[in-house]
Amino acid sequence: MKYPQKTITLITDKNKLFSRFGDNVHAKIMKYLACANINVVLGEKVIKYKEIENTKLLITEQTLEDNSLNRVTRETDLVFLCGGYVYNSQFMQDHYRNSIQSDGKLIVDEYLRVRGTSNIFALGDVNNVQEEKTATTARIQGLYAAKNLKRLMVGKEIKKYKSSPSRLILSFGAFEGFQIDINSKCIRGSVPALMKRKAQLYSLIELGKDPLLTKLDWDSMLLADEDQRAVIEQKNKQLMEK
């Protein structure tokens, strides 16, 4: 453990982690987090975060067995608020209200077009396609839609979108990760972590970074020790700011 003096707490209002997957996924990730000395709090909902002078307070609420509410206040140094998906479809309300689900997702056809339209595509988290909502999935949908738009512009027939198998890759550092598929099969080890870094590499290249420098830098990260990786990461930060 790199920072044994740090105390990390993960809070979720669900009764298990990754509730859409099987119990075995929850158990394996809980076991890993326990080994990493990360405290997991289940069944508590964050209702308020505030700062008083130099003190940061996180207030959570828990429903007890008798349906009464129990509030807990925790003092923290740093808070990352991850509130789930927010579907940005409000601007479609006036003209495409019938194409919006109650949760805010846009209803799309087999071509990823918003229902009732011929040339408006909805991509990524906001559409109602039944697959994992990841950056990789959004990138694939974006490439697909771009090709179909080009076909529309020249009068060609557009192609149906083929949903990819649901798979989630979680990274727990440079050399540790989990791969979870739709059947709740869970694989832990360095391979999922390398797959995650590969996806990040492709994303950097697509953003216009030099492919050779990005590849060399990625290889260096894999071979370096912790101190060397810190130097490389600092260099990356400086390059990104240029």
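**Entry 1: getting started**

A residue is called buried when its relative accessible area is under 20%, exposed when it is over 50%, and partly exposed in between, using a 1.4 Å probe on protein chains only.

Residues are numbered from 1 along each chain as its sequence is written, and side-chain values use heavy atoms, leaving out hydrogens and water.

**Entry 2: confidence**

I checked pLDDT, the predictor's confidence in each residue from 0 to 100. The chain's mean is 79, and 79% of its residues reach 70 or more. Over residues 221-225 the value is below 50, and this stretch has 10 contacts in the model beyond near neighbours in sequence (a contact means heavy atoms within 4.5 Å). A reminder to myself: where pLDDT is low, the predicted coordinates should not be read in detail.

**Entry 3: the elements**

I found 6 helices and 8 strands; these are DSSP runs numbered from the N terminus, with helices being H or I of at least four residues and strands E of at least two. From the N terminus the order is β-α-β-β-β-β-α-α-β-β-β-α-α-α.

**Entry 4: K133**

Where is K133 found? K133 is in the loop between α2 (93-96) and α3 (135-153). K133 is buried but has no salt bridge, and the nearest side chain of opposite charge, E131, is 5.8 Å away. For a salt bridge, a side-chain nitrogen of Lys or Arg must be within 4 Å of a carboxyl oxygen of Asp or Glu. Lys and Arg count as positive, Asp and Glu as negative, while His and the chain ends are not counted.

Leaving aside neighbours within four places in sequence, K133 is in contact with Y85, G124, D125 and N127.

**Entry 5: aromatic pairs**

I searched the whole structure and got 2 aromatic pairs. Rings of Phe, Tyr and Trp (its six-membered ring) pair if their centres lie within 6.5 Å; planes under 30 degrees apart are stacked, over 60 edge-to-face, and the rest tilted.

Y32 and F178 are edge-to-face, 5.7 Å centre to centre with 80° between the planes. Y32 sits in helix α1 (residues 23-35) and F178 in strand β7 (residues 177-181), 146 residues apart. Both Y32 and F178 are buried.

Y144 and Y161 have ring centres 5.3 Å apart and planes at 65°, so this pair is edge-to-face.
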